[in-house]
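Please look through the sequence and the model below before reading on.

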Amino acid sequence: MKQSMIINGKAHEITVDGDMPLLWFLRDNLEFTGTKFGCGSGLCGACTVHVDGQAIRSCITPVSTLVDKKITTIEGLSEKGDHPLQKAWLNNNVPQCGYCQAGQIMNAASLLAVNASPTDAEIDTAMQGNICRCGTYQRIKKAIVEAADTLSKEV
(Lines give C-alpha, C1' and ligand atoms only; values in the text may rest on other atoms or scores of the structure.)
Protein backbone atom coordinates (compact mmCIF):
# COMPACT_ATOMS: atom_id res chain seq x y z
CA MET A 1 0.00 0.00 0.00
CA LYS A 2 1.33 3.39 -0.97
CA GLN A 3 1.48 5.92 1.78
CA SER A 4 1.64 9.64 1.34
CA MET A 5 1.62 12.94 3.10
CA ILE A 6 0.57 16.38 1.94
CA ILE A 7 3.48 18.83 1.89
CA ASN A 8 2.76 22.45 1.09
CA GLY A 9 -0.55 21.44 -0.44
CA LYS A 10 0.79 18.68 -2.70
CA ALA A 11 0.65 14.92 -2.12
CA HIS A 12 4.03 13.19 -1.85
CA GLU A 13 4.46 9.44 -1.73
CA ILE A 14 6.61 8.20 1.12
CA THR A 15 9.41 6.37 -0.67
CA VAL A 16 11.92 6.08 2.16
CA ASP A 17 12.45 4.03 5.29
CA GLY A 18 9.75 5.03 7.77
CA ASP A 19 12.37 5.77 10.42
CA MET A 20 13.87 8.57 8.31
CA PRO A 21 13.36 11.92 10.04
CA LEU A 22 11.03 14.26 8.18
CA LEU A 23 13.82 16.84 7.94
CA TRP A 24 15.94 14.62 5.71
CA PHE A 25 12.95 13.57 3.60
CA LEU A 26 12.16 17.26 3.03
CA ARG A 27 15.73 18.33 2.30
CA ASP A 28 17.24 15.32 0.53
CA ASN A 29 14.26 13.81 -1.26
CA LEU A 30 12.09 16.83 -2.01
CA GLU A 31 14.75 19.59 -2.00
CA PHE A 32 12.82 21.80 0.42
CA THR A 33 16.01 23.24 1.86
CA GLY A 34 14.42 26.11 3.78
CA THR A 35 14.05 23.85 6.80
CA LYS A 36 17.43 23.69 8.53
CA PHE A 37 19.34 21.08 10.49
CA GLY A 38 20.44 22.43 13.85
CA CYS A 39 21.03 20.12 16.77
CA GLY A 40 19.45 16.91 15.48
CA SER A 41 17.82 16.37 18.88
CA GLY A 42 14.75 18.61 18.66
CA LEU A 43 16.26 21.14 21.06
CA CYS A 44 17.10 24.21 18.95
CA GLY A 45 14.03 24.61 16.71
CA ALA A 46 15.89 25.29 13.44
CA CYS A 47 13.99 22.40 11.84
CA THR A 48 10.48 23.52 12.88
CA VAL A 49 7.66 22.81 10.43
CA HIS A 50 3.90 22.45 10.85
CA VAL A 51 2.05 19.15 10.95
CA ASP A 52 -1.69 19.74 10.73
CA GLY A 53 -1.00 23.30 11.88
CA GLN A 54 1.08 22.37 14.93
CA ALA A 55 4.77 23.28 15.17
CA ILE A 56 6.95 20.18 15.40
CA ARG A 57 10.67 19.42 15.20
CA SER A 58 11.25 17.67 11.89
CA CYS A 59 14.69 16.36 12.89
CA ILE A 60 13.19 13.92 15.40
CA THR A 61 9.89 13.10 13.67
CA PRO A 62 9.93 9.86 11.62
CA VAL A 63 8.08 10.02 8.31
CA SER A 64 6.15 6.88 9.28
CA THR A 65 4.21 8.96 11.82
CA LEU A 66 3.05 11.43 9.18
CA VAL A 67 0.93 9.31 6.83
CA ASP A 68 -1.95 11.41 5.52
CA LYS A 69 -0.82 14.43 7.56
CA LYS A 70 -0.57 17.96 6.19
CA ILE A 71 2.95 19.36 6.50
CA THR A 72 3.82 22.99 5.89
CA THR A 73 7.42 24.14 5.51
CA ILE A 74 8.73 27.69 5.27
CA GLU A 75 8.39 27.35 1.49
CA GLY A 76 4.68 26.68 1.95
CA LEU A 77 3.93 29.39 4.48
CA SER A 78 3.16 31.76 1.61
CA GLU A 79 3.65 31.39 -2.13
CA LYS A 80 5.51 34.68 -2.51
CA GLY A 81 7.24 34.87 0.86
CA ASP A 82 4.92 37.66 1.89
CA HIS A 83 3.29 36.20 4.99
CA PRO A 84 2.87 38.98 7.59
CA LEU A 85 5.52 37.30 9.74
CA GLN A 86 8.01 37.26 6.87
CA LYS A 87 7.31 40.94 6.17
CA ALA A 88 7.62 41.81 9.87
CA TRP A 89 10.92 39.89 10.03
CA LEU A 90 12.30 42.13 7.31
CA ASN A 91 10.76 45.32 8.74
CA ASN A 92 12.46 44.65 12.07
CA ASN A 93 15.80 43.51 10.62
CA VAL A 94 15.51 40.25 12.49
CA PRO A 95 17.81 38.01 10.44
CA GLN A 96 21.53 38.19 11.09
CA CYS A 97 23.11 34.92 10.04
CA GLY A 98 19.58 33.76 9.20
CA TYR A 99 20.15 30.11 9.97
CA CYS A 100 17.44 29.74 12.62
CA GLN A 101 14.94 32.10 11.02
CA ALA A 102 12.79 29.59 9.13
CA GLY A 103 12.23 27.63 12.33
CA GLN A 104 11.57 30.82 14.29
CA ILE A 105 8.99 32.01 11.75
CA MET A 106 7.25 28.63 11.62
CA ASN A 107 7.02 28.48 15.40
CA ALA A 108 5.69 32.06 15.51
CA ALA A 109 3.11 31.24 12.81
CA SER A 110 1.90 28.32 14.89
CA LEU A 111 1.58 30.62 17.91
CA LEU A 112 -0.39 33.26 16.00
CA ALA A 113 -2.70 30.60 14.57
CA VAL A 114 -3.94 29.77 18.07
CA ASN A 115 -3.36 33.12 19.80
CA ALA A 116 -3.94 36.13 17.55
CA SER A 117 -2.81 38.66 20.14
CA PRO A 118 -0.16 37.12 22.39
CA THR A 119 1.32 38.99 25.32
CA ASP A 120 5.08 39.38 25.65
CA ALA A 121 5.09 36.56 28.21
CA GLU A 122 3.11 34.29 25.88
CA ILE A 123 5.55 35.02 23.06
CA ASP A 124 8.49 34.26 25.36
CA THR A 125 6.92 30.97 26.41
CA ALA A 126 6.01 29.90 22.89
CA MET A 127 9.38 30.82 21.41
CA GLN A 128 11.66 29.60 24.20
CA GLY A 129 12.48 26.37 22.37
CA ASN A 130 13.87 28.20 19.35
CA ILE A 131 17.49 29.19 19.76
CA CYS A 132 19.10 32.10 17.91
CA ARG A 133 22.88 32.14 18.23
CA CYS A 134 22.92 35.77 17.04
CA GLY A 135 20.68 36.81 19.95
CA THR A 136 17.98 38.57 17.96
CA TYR A 137 15.27 37.70 20.48
CA GLN A 138 14.05 41.27 21.04
CA ARG A 139 13.67 41.84 17.31
CA ILE A 140 11.91 38.48 16.94
CA LYS A 141 9.43 39.53 19.62
CA LYS A 142 8.84 42.91 17.93
CA ALA A 143 8.25 41.17 14.60
CA ILE A 144 5.72 38.78 16.12
CA VAL A 145 3.83 41.68 17.71
CA GLU A 146 3.86 43.55 14.38
CA ALA A 147 2.64 40.49 12.47
CA ALA A 148 -0.13 39.91 15.03
CA ASP A 149 -1.23 43.51 14.54
CA THR A 150 -1.17 43.13 10.75
CA LEU A 151 -3.11 39.88 10.89
CA SER A 152 -5.74 41.40 13.19
CA LYS A 153 -6.38 44.13 10.61
CA GLU A 154 -6.81 41.58 7.81
CA VAL A 155 -9.81 39.94 9.52
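What follows describes the cores and the aromatic pair in turn.

This is a predicted model, in which local features need pLDDT of at least 70 and side-chain atom pairs count only at pLDDT 80 or more, while totals for chains, interfaces and linings use all residues. Residues are numbered from 1 along each chain as its sequence is written, and side-chain values use heavy atoms, with hydrogens and water left out.

**Nonpolar cores**
- A nonpolar core is a set of buried Ala, Val, Leu, Ile, Met, Phe, Trp, Tyr and Cys residues joined through side-chain atoms within 4.5 Å, where buried means under 20% relative accessible area, exposed over 50% and partly exposed in between, with a 1.4 Å probe and protein chains only.
- The largest nonpolar core has 20 residues, of which Leu-85, Trp-89 and Ile-144 touch the most other members.
- Leu-85 touches, among others, Ile-105, Leu-112 and Ile-144, when residues up to four places away in sequence are not counted and contact means heavy atoms within 4.5 Å.
- A second, separate core has 13 residues, including Ile-7, Leu-26, Phe-32 and Val-63.

**Aromatic pair**
- Rings of Phe, Tyr and Trp (its six-membered ring) pair if their centres lie within 6.5 Å, and planes under 30 degrees apart count as stacked, over 60 as edge-to-face and the rest as tilted.
- By this rule there is one aromatic pair, formed by Trp-24 and Phe-37, which is tilted at 5.3 Å centre to centre with 35° between the planes.
- Trp-24 counts as partly exposed at 28% relative accessibility, and Phe-37 counts as partly exposed at 34%.
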